[in-house]
Amino acid sequence: MGLGSAALMLLLASLAVRHFATTSWPLSHGQPGLLVAAGLLLLLAQALKALGWARLFTNRERPSPLALVAGNGGAALIGVVLPGRFDDAMRIAVVRRYPGCPAGLRAISLSLVMLGLIDSAALAPLAAVAVAFPGAGIAARAALAVVAGAGIAAAAVIVALPRLAGSERALRFRLGRWLSPRTTSLYRATQAWAFVFGCWLVRGVACFILLGTLGLGYSFPLALLFLCAGAASAALPVGPAGAATQAGAGTAALAASGVGASQALAASVSVGALGVFSGAAVLLFALAWRTGRLLVPARTAA
(Lines give C-alpha, C1' and ligand atoms only; values in the text may rest on other atoms or scores of the structure.)
Protein backbone atom coordinates (compact mmCIF):
# COMPACT_ATOMS: atom_id res chain seq x y z
CA MET A 1 0.00 0.00 0.00
CA GLY A 2 1.69 3.15 -1.22
CA LEU A 3 1.73 6.67 0.08
CA GLY A 4 -1.24 7.60 -2.13
CA SER A 5 -3.41 4.85 -0.62
CA ALA A 6 -2.34 5.78 2.90
CA ALA A 7 -3.19 9.42 2.22
CA LEU A 8 -6.61 8.36 0.92
CA MET A 9 -7.28 6.33 4.04
CA LEU A 10 -6.27 9.22 6.27
CA LEU A 11 -8.54 11.54 4.27
CA LEU A 12 -11.47 9.15 4.74
CA ALA A 13 -10.75 8.93 8.45
CA SER A 14 -10.75 12.73 8.76
CA LEU A 15 -14.04 12.94 6.83
CA ALA A 16 -15.60 10.36 9.15
CA VAL A 17 -14.45 12.27 12.23
CA ARG A 18 -15.78 15.53 10.77
CA HIS A 19 -19.11 13.89 9.95
CA PHE A 20 -19.70 12.69 13.48
CA ALA A 21 -18.33 15.91 14.98
CA THR A 22 -21.20 17.81 13.36
CA THR A 23 -23.91 15.43 14.64
CA SER A 24 -25.32 14.94 18.10
CA TRP A 25 -22.93 13.14 20.41
CA PRO A 26 -24.97 10.96 22.76
CA LEU A 27 -21.93 8.79 23.55
CA SER A 28 -21.02 11.43 26.12
CA HIS A 29 -23.96 10.22 28.23
CA GLY A 30 -22.72 6.62 28.44
CA GLN A 31 -20.53 5.12 31.14
CA PRO A 32 -16.88 5.32 30.00
CA GLY A 33 -15.98 1.83 31.16
CA LEU A 34 -18.88 0.23 29.28
CA LEU A 35 -18.15 2.31 26.18
CA VAL A 36 -14.54 1.09 26.20
CA ALA A 37 -15.73 -2.51 26.63
CA ALA A 38 -18.11 -2.15 23.69
CA GLY A 39 -15.34 -0.63 21.56
CA LEU A 40 -13.02 -3.54 22.35
CA LEU A 41 -15.76 -6.00 21.44
CA LEU A 42 -16.22 -4.27 18.09
CA LEU A 43 -12.47 -4.58 17.47
CA LEU A 44 -12.71 -8.30 18.25
CA ALA A 45 -15.62 -8.54 15.82
CA GLN A 46 -13.45 -6.96 13.11
CA ALA A 47 -10.77 -9.61 13.67
CA LEU A 48 -13.29 -12.48 13.57
CA LYS A 49 -14.79 -11.15 10.34
CA ALA A 50 -11.33 -11.00 8.74
CA LEU A 51 -10.53 -14.58 9.84
CA GLY A 52 -13.81 -15.78 8.35
CA TRP A 53 -13.14 -13.90 5.11
CA ALA A 54 -9.68 -15.48 4.88
CA ARG A 55 -11.21 -18.97 4.77
CA LEU A 56 -12.92 -18.08 1.48
CA PHE A 57 -9.61 -17.91 -0.43
CA THR A 58 -7.52 -20.81 -1.63
CA ASN A 59 -4.23 -21.30 0.24
CA ARG A 60 -2.25 -19.99 -2.74
CA GLU A 61 -4.28 -16.79 -3.10
CA ARG A 62 -5.08 -16.00 0.53
CA PRO A 63 -4.15 -12.42 1.59
CA SER A 64 -2.70 -11.76 5.01
CA PRO A 65 -5.13 -11.20 7.91
CA LEU A 66 -3.90 -7.60 8.19
CA ALA A 67 -4.82 -6.94 4.56
CA LEU A 68 -8.35 -8.21 5.18
CA VAL A 69 -8.65 -6.23 8.43
CA ALA A 70 -7.52 -3.12 6.58
CA GLY A 71 -10.13 -3.80 3.89
CA ASN A 72 -12.91 -4.02 6.46
CA GLY A 73 -11.67 -0.85 8.14
CA GLY A 74 -11.65 1.04 4.85
CA ALA A 75 -15.18 -0.16 4.14
CA ALA A 76 -16.37 1.17 7.50
CA LEU A 77 -14.95 4.60 6.69
CA ILE A 78 -16.22 4.79 3.12
CA GLY A 79 -19.74 4.01 4.31
CA VAL A 80 -19.88 7.39 6.03
CA VAL A 81 -19.32 9.52 2.95
CA LEU A 82 -20.33 7.43 -0.10
CA PRO A 83 -23.48 5.47 -1.07
CA GLY A 84 -24.00 1.83 -0.26
CA ARG A 85 -22.02 -0.88 -2.13
CA PHE A 86 -18.99 1.42 -2.38
CA ASP A 87 -17.79 -0.37 0.76
CA ASP A 88 -17.14 -3.55 -1.25
CA ALA A 89 -15.24 -1.53 -3.85
CA MET A 90 -13.11 -0.12 -1.04
CA ARG A 91 -12.47 -3.61 0.34
CA ILE A 92 -11.25 -4.75 -3.06
CA ALA A 93 -9.04 -1.68 -3.54
CA VAL A 94 -7.42 -1.86 -0.10
CA VAL A 95 -6.81 -5.61 -0.13
CA ARG A 96 -5.53 -5.65 -3.71
CA ARG A 97 -3.07 -2.81 -3.06
CA TYR A 98 -1.85 -4.15 0.26
CA PRO A 99 1.79 -5.25 -0.15
CA GLY A 100 2.26 -8.95 -0.75
CA CYS A 101 -1.35 -9.68 -1.65
CA PRO A 102 -1.36 -12.78 -3.93
CA ALA A 103 -5.06 -12.58 -4.83
CA GLY A 104 -6.23 -11.01 -8.06
CA LEU A 105 -9.25 -8.83 -8.65
CA ARG A 106 -11.53 -11.72 -9.62
CA ALA A 107 -10.53 -13.84 -6.61
CA ILE A 108 -11.21 -10.98 -4.17
CA SER A 109 -14.55 -10.24 -5.84
CA LEU A 110 -15.57 -13.91 -5.64
CA SER A 111 -14.60 -14.02 -1.96
CA LEU A 112 -16.83 -10.99 -1.26
CA VAL A 113 -19.79 -12.69 -2.96
CA MET A 114 -19.24 -15.72 -0.76
CA LEU A 115 -18.75 -13.51 2.29
CA GLY A 116 -22.15 -11.92 1.67
CA LEU A 117 -23.75 -15.37 1.57
CA ILE A 118 -21.89 -16.43 4.73
CA ASP A 119 -23.01 -13.21 6.44
CA SER A 120 -26.66 -13.94 5.68
CA ALA A 121 -26.35 -17.57 6.79
CA ALA A 122 -24.59 -16.57 10.04
CA LEU A 123 -27.22 -13.96 10.85
CA ALA A 124 -30.15 -16.35 10.31
CA PRO A 125 -29.99 -18.08 13.73
CA LEU A 126 -29.91 -14.73 15.56
CA ALA A 127 -32.85 -13.44 13.52
CA ALA A 128 -34.80 -16.63 14.23
CA VAL A 129 -34.16 -16.26 17.96
CA ALA A 130 -35.22 -12.61 17.84
CA VAL A 131 -38.51 -13.58 16.17
CA ALA A 132 -39.39 -15.77 19.15
CA PHE A 133 -39.05 -12.96 21.69
CA PRO A 134 -42.43 -11.49 22.73
CA GLY A 135 -41.22 -7.87 22.82
CA ALA A 136 -41.02 -7.42 19.04
CA GLY A 137 -44.06 -6.14 17.16
CA ILE A 138 -45.71 -7.84 14.21
CA ALA A 139 -43.86 -5.75 11.61
CA ALA A 140 -40.51 -6.35 13.33
CA ARG A 141 -41.16 -10.08 13.51
CA ALA A 142 -42.05 -10.18 9.83
CA ALA A 143 -38.82 -8.37 8.92
CA LEU A 144 -36.79 -10.72 11.12
CA ALA A 145 -38.49 -13.72 9.52
CA VAL A 146 -37.41 -12.39 6.10
CA VAL A 147 -33.81 -12.06 7.35
CA ALA A 148 -33.89 -15.62 8.70
CA GLY A 149 -35.41 -16.93 5.45
CA ALA A 150 -32.76 -15.14 3.37
CA GLY A 151 -30.07 -16.70 5.55
CA ILE A 152 -31.48 -20.18 4.99
CA ALA A 153 -31.58 -19.57 1.23
CA ALA A 154 -27.97 -18.33 1.33
CA ALA A 155 -26.92 -21.47 3.21
CA ALA A 156 -28.57 -23.62 0.52
CA VAL A 157 -26.61 -21.78 -2.18
CA ILE A 158 -23.35 -22.27 -0.25
CA VAL A 159 -23.98 -26.03 0.04
CA ALA A 160 -24.94 -26.44 -3.63
CA LEU A 161 -22.27 -24.20 -5.18
CA PRO A 162 -19.28 -26.63 -5.05
CA ARG A 163 -21.27 -29.33 -6.85
CA LEU A 164 -22.57 -26.87 -9.45
CA ALA A 165 -19.12 -25.39 -10.11
CA GLY A 166 -17.61 -28.87 -10.49
CA SER A 167 -20.25 -30.19 -12.85
CA GLU A 168 -19.32 -31.22 -16.40
CA ARG A 169 -21.55 -28.55 -17.87
CA ALA A 170 -19.81 -25.78 -15.90
CA LEU A 171 -16.35 -27.09 -16.82
CA ARG A 172 -17.11 -26.64 -20.52
CA PHE A 173 -16.77 -22.90 -20.10
CA ARG A 174 -13.64 -20.91 -19.31
CA LEU A 175 -15.31 -19.19 -16.36
CA GLY A 176 -16.36 -22.56 -14.97
CA ARG A 177 -12.81 -23.92 -15.23
CA TRP A 178 -11.51 -20.85 -13.36
CA LEU A 179 -14.27 -20.98 -10.78
CA SER A 180 -14.14 -24.70 -9.99
CA PRO A 181 -10.82 -24.79 -8.06
CA ARG A 182 -11.67 -21.50 -6.32
CA THR A 183 -15.15 -22.43 -5.15
CA THR A 184 -15.31 -22.60 -1.38
CA SER A 185 -15.62 -26.17 -0.16
CA LEU A 186 -18.24 -27.04 2.40
CA TYR A 187 -15.50 -27.55 5.01
CA ARG A 188 -13.97 -24.11 4.50
CA ALA A 189 -17.41 -22.52 4.26
CA THR A 190 -18.28 -24.05 7.64
CA GLN A 191 -15.11 -22.62 9.14
CA ALA A 192 -15.90 -19.19 7.67
CA TRP A 193 -19.47 -19.43 8.98
CA ALA A 194 -18.18 -20.17 12.50
CA PHE A 195 -15.93 -17.10 12.50
CA VAL A 196 -18.59 -14.80 11.04
CA PHE A 197 -21.22 -16.15 13.43
CA GLY A 198 -18.82 -15.36 16.27
CA CYS A 199 -18.46 -11.87 14.81
CA TRP A 200 -22.24 -11.33 14.91
CA LEU A 201 -22.46 -12.69 18.45
CA VAL A 202 -19.75 -10.30 19.63
CA ARG A 203 -21.48 -7.40 17.85
CA GLY A 204 -24.72 -8.39 19.54
CA VAL A 205 -23.11 -8.23 22.97
CA ALA A 206 -21.60 -4.84 22.07
CA CYS A 207 -25.06 -3.56 21.05
CA PHE A 208 -26.49 -4.94 24.29
CA ILE A 209 -23.93 -2.96 26.29
CA LEU A 210 -24.31 0.21 24.22
CA LEU A 211 -28.10 0.30 24.29
CA GLY A 212 -28.03 -0.30 28.04
CA THR A 213 -25.49 2.39 28.85
CA LEU A 214 -27.33 4.88 26.61
CA GLY A 215 -30.49 4.48 28.68
CA LEU A 216 -32.55 2.12 26.51
CA GLY A 217 -32.25 -0.79 28.93
CA TYR A 218 -30.18 -3.97 28.90
CA SER A 219 -32.30 -6.12 26.61
CA PHE A 220 -30.97 -8.91 24.40
CA PRO A 221 -34.16 -8.98 22.27
CA LEU A 222 -33.80 -5.26 21.58
CA ALA A 223 -30.09 -5.65 20.80
CA LEU A 224 -30.77 -8.52 18.37
CA LEU A 225 -33.55 -6.56 16.68
CA PHE A 226 -31.27 -3.54 16.27
CA LEU A 227 -28.41 -5.71 14.98
CA CYS A 228 -30.54 -7.57 12.43
CA ALA A 229 -32.16 -4.35 11.17
CA GLY A 230 -28.78 -2.77 10.45
CA ALA A 231 -27.47 -5.93 8.79
CA ALA A 232 -30.54 -6.25 6.59
CA SER A 233 -30.22 -2.65 5.42
CA ALA A 234 -26.60 -3.28 4.46
CA ALA A 235 -27.81 -5.83 1.91
CA LEU A 236 -29.59 -3.16 -0.16
CA PRO A 237 -28.06 -2.95 -3.66
CA VAL A 238 -27.94 0.85 -3.57
CA GLY A 239 -28.92 3.61 -1.21
CA PRO A 240 -27.59 6.58 0.73
CA ALA A 241 -24.33 6.39 2.66
CA GLY A 242 -23.98 2.95 4.22
CA ALA A 243 -23.69 4.28 7.76
CA ALA A 244 -26.76 6.48 7.26
CA THR A 245 -28.79 3.55 5.90
CA GLN A 246 -27.90 1.32 8.83
CA ALA A 247 -28.56 4.13 11.32
CA GLY A 248 -31.98 4.71 9.75
CA ALA A 249 -32.83 1.01 9.88
CA GLY A 250 -31.70 0.77 13.49
CA THR A 251 -33.72 3.84 14.41
CA ALA A 252 -36.84 2.40 12.76
CA ALA A 253 -36.37 -0.92 14.56
CA LEU A 254 -35.99 0.74 17.95
CA ALA A 255 -38.95 3.04 17.33
CA ALA A 256 -41.10 0.05 16.35
CA SER A 257 -40.23 -1.50 19.73
CA GLY A 258 -41.57 1.48 21.64
CA VAL A 259 -38.41 3.59 22.00
CA GLY A 260 -38.87 7.34 21.46
CA ALA A 261 -37.81 8.59 18.04
CA SER A 262 -35.16 11.04 19.31
CA GLN A 263 -33.73 8.49 21.74
CA ALA A 264 -33.69 5.80 19.04
CA LEU A 265 -31.88 8.12 16.61
CA ALA A 266 -29.31 9.09 19.24
CA ALA A 267 -28.60 5.44 20.02
CA SER A 268 -28.25 4.54 16.33
CA VAL A 269 -25.83 7.41 15.71
CA SER A 270 -23.79 6.37 18.75
CA VAL A 271 -23.50 2.74 17.67
CA GLY A 272 -22.63 3.83 14.14
CA ALA A 273 -19.97 6.25 15.37
CA LEU A 274 -18.32 3.61 17.53
CA GLY A 275 -18.39 1.18 14.61
CA VAL A 276 -16.71 3.71 12.32
CA PHE A 277 -14.05 4.49 14.93
CA SER A 278 -13.31 0.79 15.42
CA GLY A 279 -12.92 0.45 11.65
CA ALA A 280 -10.59 3.46 11.55
CA ALA A 281 -8.57 1.98 14.42
CA VAL A 282 -7.95 -1.36 12.71
CA LEU A 283 -7.15 0.36 9.41
CA LEU A 284 -4.59 2.69 11.02
CA PHE A 285 -3.12 -0.27 12.93
CA ALA A 286 -2.68 -2.24 9.70
CA LEU A 287 -1.06 0.76 8.01
CA ALA A 288 1.25 1.41 10.97
CA TRP A 289 2.24 -2.26 11.21
CA ARG A 290 3.06 -2.48 7.53
CA THR A 291 4.98 0.79 7.57
CA GLY A 292 6.99 -0.40 10.55
CA ARG A 293 7.82 -3.67 8.80
CA LEU A 294 9.06 -1.72 5.78
CA LEU A 295 11.20 0.63 7.88
CA VAL A 296 12.94 -2.12 9.87
CA PRO A 297 14.92 -3.55 6.88
CA ALA A 298 15.84 -0.01 5.80
CA ARG A 299 17.23 0.77 9.27
CA THR A 300 19.07 -2.54 9.35
CA ALA A 301 20.67 -1.85 5.97
CA ALA A 302 21.66 1.65 7.07
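This briefing describes the nonpolar cores, aromatic pairs and selected helices of the structure above. The model is predicted. Its largest nonpolar core holds 62 residues, and a separate core holds 13 residues. The aromatic pairs number 4.

**Nonpolar cores**

- Within the largest nonpolar core of 62 residues, the members that touch the most other members are W53, I108, W200, L211 and L254.
- The element contributing the most to this core is helix 5 (residues 105–132), which supplies 12 residues.
- In soluble globular proteins, nonpolar side chains tend to be buried together.

**Surroundings of W53**

- When neighbours within four places in sequence are set aside, W53 is in contact with L68, N72, R91, V95, I108, S111, L112 and L115.
- Two of these partners, R91 and V95, are buried residues of helix 4.
- Another partner, I108, is, like W53, among the core members that touch the most others.

**Helix 4**

- The buried residues of helix 4 include M90, R91, I92, V94 and V95.
- Helix 4 (residues 86–97) has 12 residues and, at 1.5 Å a residue, should span 16 Å; its end C-alpha atoms are 16 Å apart, so the two values agree.

**Aromatic pairs and a charge over a ring**

- The count of aromatic pairs comes to 4.
- The ring centres of W193 and F197 are 4.9 Å apart and their planes meet at 5 degrees; because planes under 30 degrees apart count as stacked, this pair is stacked.
- Both W193 and F197 belong to helix 9 (residues 186–213), where they are 4 residues apart, about one turn of the helix.
- W193 has a relative accessible area of 30% and is therefore partly exposed.
- F208 and F220 also form a stacked aromatic pair, with 4.1 Å from centre to centre and 5 degrees between the planes.
- This pair links distant parts of the chain, since F208 lies in helix 9 and F220 in helix 10 (residues 220–234), 12 residues apart.
- Ring pairs join F208, Y218 and F220 into a cluster.
- R203 lies over the face of W200, at 4.9 Å from the ring centre, and W200 is itself one of the core members that touch the most others.

Methods. Residues numbered from 1 in each chain as written. Predicted model: local features only at pLDDT ≥ 70, side-chain atom pairs only at ≥ 80, totals over all residues. Heavy atoms only, no water. Core = buried A, V, L, I, M, F, W, Y, C linked by side-chain atoms within 4.5 Å. Buried < 20%, exposed > 50% of the residue type's maximum accessible area, 1.4 Å probe, protein only. Helix = DSSP H or I, 4+ residues; strand = E, 2+ residues; numbered from the N terminus. Contact = heavy atoms within 4.5 Å. Phe/Tyr/Trp six-rings, centres within 6.5 Å; stacked < 30°, edge-to-face > 60°. Lys NZ or Arg CZ within 6 Å of the ring centre and 35° of its normal. Expected span 1.5 Å × (residues − 1).
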